[in-house]
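This briefing goes through a multi-chain model by topic. The sequence and structure come first, and the notes follow.

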Amino acid sequence: MKEFNELNDKKTTAIKDLLYRLADDQLILGHRNSEWTGLGPILEEDIAFSSMAQDKLGQSQALYQLLHQIGEDDPDTIAFTRKVNEYKCCHLVEYPIGEYNFSLMRHFLFDMSEAIRFNMLGSSSFEPLAKISKKFKGELKYHTMHAVTWINQLGHGSGNSPAKIQASLDECFPLALGIFEPSGYEDILIGEKIFFGEKELQEKWLEAVIPVLKNANLKIPDIKNIKASYGGRKGIHTEYLKPLIDEMTEVYKIDTKAEW
Amino acid sequence: MSIKSLDPRITRENLPEEPDSKPLENIHHWQTYEVFHQTKKGDRHIHVGSLHAPNQEMAVILAKEQYSRRDKCVNLWVVKTADIFSSGYENEDIFETTPEKTYREAGGYKVMDKINKFKKERKQQSN
Amino acid sequence: MYGGGYIFEETKNGSPENEDSRKLEIFEARIAAGEKIEPTDWMPAEYRKQLIRMIEQHAHSEIIGALPEGTWITRAPGFRRKLALMAKVQDEVGHAQLLYSAAETLGKTREDMINDLITGKSKYSNVFNYPAVTWADTAIIAWLIDAGAIINQVANSKGSYGPYCRALERICVEESFHLKYGHDNVVFLATGTPKQREMVQDALNRWWPPIMHFFGPSDKISVHTETLMRWKVKMASNDDMRQKFLDMYVPKIWELGLTIPDPLLKKNEETGQWEYTEPDWQEFKRVINGDGPCNKERLAVRRRAEEKGEWVRLALLRSEEKYTVPLS
């Protein structure tokens, strides 16, 4: 494709790094959320949550496909055969599913960022990414509707529900700030109008999530004094990622040359 | 000892090897809602099933995946089952009306015979 | 997925003799004329009771059936399989939702049914008490167990109870995806590397006896079903369904060069019937009564899922709102 050939090396590297970050986040969270399939808190929610996990995996596959088009290996190979320190996902997505409040809060915080991110990427100067981003819009809108409704209702829920959801917010928040860990390519991504950059995304994200959390009667964590969980974008991960990757590639690795 | 399952998800749950056989203590019933979907604008909404939900906002969120994850859909209605009032099958016979109500059917009006007869007579008169 | 044969026992004292004979006559005439019975219609107590049992067991089979295949959900190889397996297991949960709703219309709440499941009072299809040892087991389950389920469910969808038939109509559409997916998966393994072939043959060896059990005890040893047949609750005999399954799928298994672990299996060309080693009905009984390889785990998992979800359901409960039996 012509447009890809015109990319200079530096720009290509920056785009690849961005795509790996986006796709790896979705791949890992999609895997995590899929663990609830058949074990959810009520049948109807089990179904909804599984659909959203499928959406995540589907979106990551589309992004890996785009990577393939600009010179990387095919989606299955890059998704399932890299070394752990080659993954660029943030720490938030790596954690085990925990109780449902944790999984829901993570889903809320993460998908709010995804909705804003892909909305911004809809006008990326890198056309193929802009095109894909627009396709994600409907799915992400449902995800955020689902997440906002749940967070709001559990925040106002009876029993220990508000306390549980508050505890998950406190636990997830530093991890969620790690979504916005700047890459080494922010300048070129912003300069070339490929992506507005993680800093701007974080600001927009805060503007979006804080009113929802307030509405849900939750105490907003003291952002200035929180240390964001950084490292994921540079390949430094939590202890949870390696066992997860081993697990999700267990069958594939029986014979990587075989067609499964 | 906890159950060591072939399913890593289950192993992580640390389930007791001898499961409890007591019934669950707290049983909570959410309400039921009836779900109607519309496959495209211009079509009618059609009843597709029911679901459990705590309120209408949640009912829509949950209905979306259970009732339209495959089929095309542009809109969903949810109605509390309790709010639906039915004519009742015990009254099914009220719909059995006598068949001779041709006066309210298009087929009950056949005037061509008259017109043809009239035209024929006019023609004869003018001859 | 899984209707799984008529494994429920019929009660002997619930005969329709205690019913209003005039109403019973009209009821039976309606069924004979091919009419469907709707939830608010008059029905014999025994009809209601047997339907609840059957639909409830079917629903339990779906939600428990999500577990053996779920075993491999985090490990499915590659995007295509992972997404398909998720969608399939999700469908099983969806089927449980539809079937519990259908059973609820007869007057038993979903929560009561789930309680009866996890206390062992109510059964589910026996096949799910066996483990999915390797990835290939999920392929065999998705293909052959779902194939068996379709035979059962297509028959049941022509039954007399409206809500159950409607649920089954949608379920059968989704099952056809499961069957295709399962077949595709088995074909890839059977035509793949020696290791893959070995995996799928092993899985077939493991699953053949449960598959033969799937349609329930032979008609020779099962209790009378005449009334339930007349009421179109039971739509086909266990042996007939088993024959139909063998007719449709044995050739498809053989064409892949796989061996079915039954030396006596062959079609008698004169009678048109399949002959096979009589399944071990003692084992069937033992497993269904709790002594199978996975019974404890399956119930423990379901119990844990319910317990983990309890606070969520409670959090959103409004005490002033009352549960209503779903419409249809």
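In this predicted model, six of the eight residues of strand S1 (residues 31-38) of chain B are buried, so S1(B) is largely enclosed by the rest of the structure. The predictor gives the complex an ipTM of 0.95 and a pTM of 0.94. Chain C has an average pLDDT of 92, and 94% of its residues score at least 70.

**Strand pairing in chain B**

- S1(B) is joined by seven bridges to strand S2 (residues 46-53) of chain B, and the two run antiparallel.
- In this pairing B:Gln31 lies opposite B:Ala53 of S2(B).
- S1(B) also pairs with strand S3 (residues 75-80) of chain B, again in the antiparallel sense, over six bridges.
- Here B:His37 is the residue that stands opposite B:Leu76 of S3(B).

**Overall form of chain A**

- Ten helices and zero strands are found in chain A, and from the N terminus on its elements run α-α-α-α-α-α-α-α-α-α.
- The radius of gyration of chain A is 18 Å, close to the 18 Å given by the globule rule for 260 residues, so chain A is as compact as a globular protein of that length.
- The C-alpha trace of chain A spans about 60 × 45 × 30 Å along its principal axes.
- Of the 260 residues in chain A, 52% are buried.
- Taking contacts in chain A between residues at least 6 apart in sequence, 77% join residues at least 24 apart.

**Helix H2 of chain A**

- Helix H2 (residues 9-34) of chain A has 26 residues, which at 1.5 Å a residue should span 38 Å; its end C-alpha atoms are 37 Å apart, in agreement with that figure.
- H2(A) is mostly covered, with 19 of its 26 residues buried.

**The loop residue A:Ala228**

- A:Ala228 is placed in the loop between helix H9 (198-215) and helix H10 (241-248) of chain A.
- Leaving aside residues up to four places away in sequence, A:Ala228 touches A:Pro174, A:Leu177, A:Gly178 and A:Glu181.
- A:Phe180 is 48 residues from A:Ala228 along the chain, and the C-alpha atoms of the two are separated by 8.8 Å.

**Contact between chains C and A**

- Chain C brings 37 residues to this contact and chain A brings 44 residues.
- On the side of chain C that touches chain A, the elements giving two or more residues are helix H2 (45-70), helix H3 (78-104), helix H7 (194-214) and helix H11 (295-315) of chain C.
- H3(C) gives the most to this side, with 13 residues.
- By class, the side of chain C that touches chain A has 21 nonpolar, ten polar and six charged residues.

**Contact between chains B and A**

- In this contact, 13 residues of chain B meet 13 residues of chain A.
- Helix H1 (8-11), S2 and helix H2 (56-68) of chain B are the elements that give two or more residues to the side of chain B that touches chain A.
- The most comes from H2(B), with seven residues.
- The side of chain B that touches chain A divides into six nonpolar, two polar and five charged residues.

- Most residues other than glycine have a negative phi.
- B:Asn14 is not a glycine, yet has a positive phi of about 50°.
- B:Asn14 is placed in the loop between H1 and S1 of chain B, and counts as exposed because it has 11 C-beta neighbours inside 10 Å.
- C:Lys232, also not a glycine, has a positive phi of about 55°.
- C:Lys232 is placed in the loop between helix H8 (226-230) and helix H9 (238-254) of chain C.
- With 19 other C-beta atoms within 10 Å, C:Lys232 is partly exposed.

Notes:
Residues are numbered from 1 along each chain as its sequence is written. Chains are lettered from A and ligands numbered from 1 in the order in which they are written. This is a predicted model: local features need pLDDT of at least 70, side-chain atom pairs count only at pLDDT 80 or more; totals for chains, interfaces and linings use all residues. A residue is buried if 20 or more other C-beta atoms lie within 10 Å of its own, exposed if 12 or fewer, and partly exposed in between; C-beta atoms are placed from the backbone. Helices (H or I, at least four residues) and strands (E, at least two) are DSSP runs, numbered from the N terminus. Two strands pair if DSSP finds at least two bridges between them. pLDDT is the predictor's confidence in each residue, from 0 to 100. Two residues are in contact if their C-beta atoms, placed from the backbone, lie within 7 Å. The radius of gyration is taken over C-alpha atoms; the globule rule is 2.2 Å times the number of residues to the power 0.38. Ala, Val, Leu, Ile, Met, Phe, Trp, Tyr, Cys and Pro count as nonpolar, Asp, Glu, Lys and Arg as charged, and the others, Gly among them, as polar. The expected span of a helix is 1.5 Å times one less than its number of residues.
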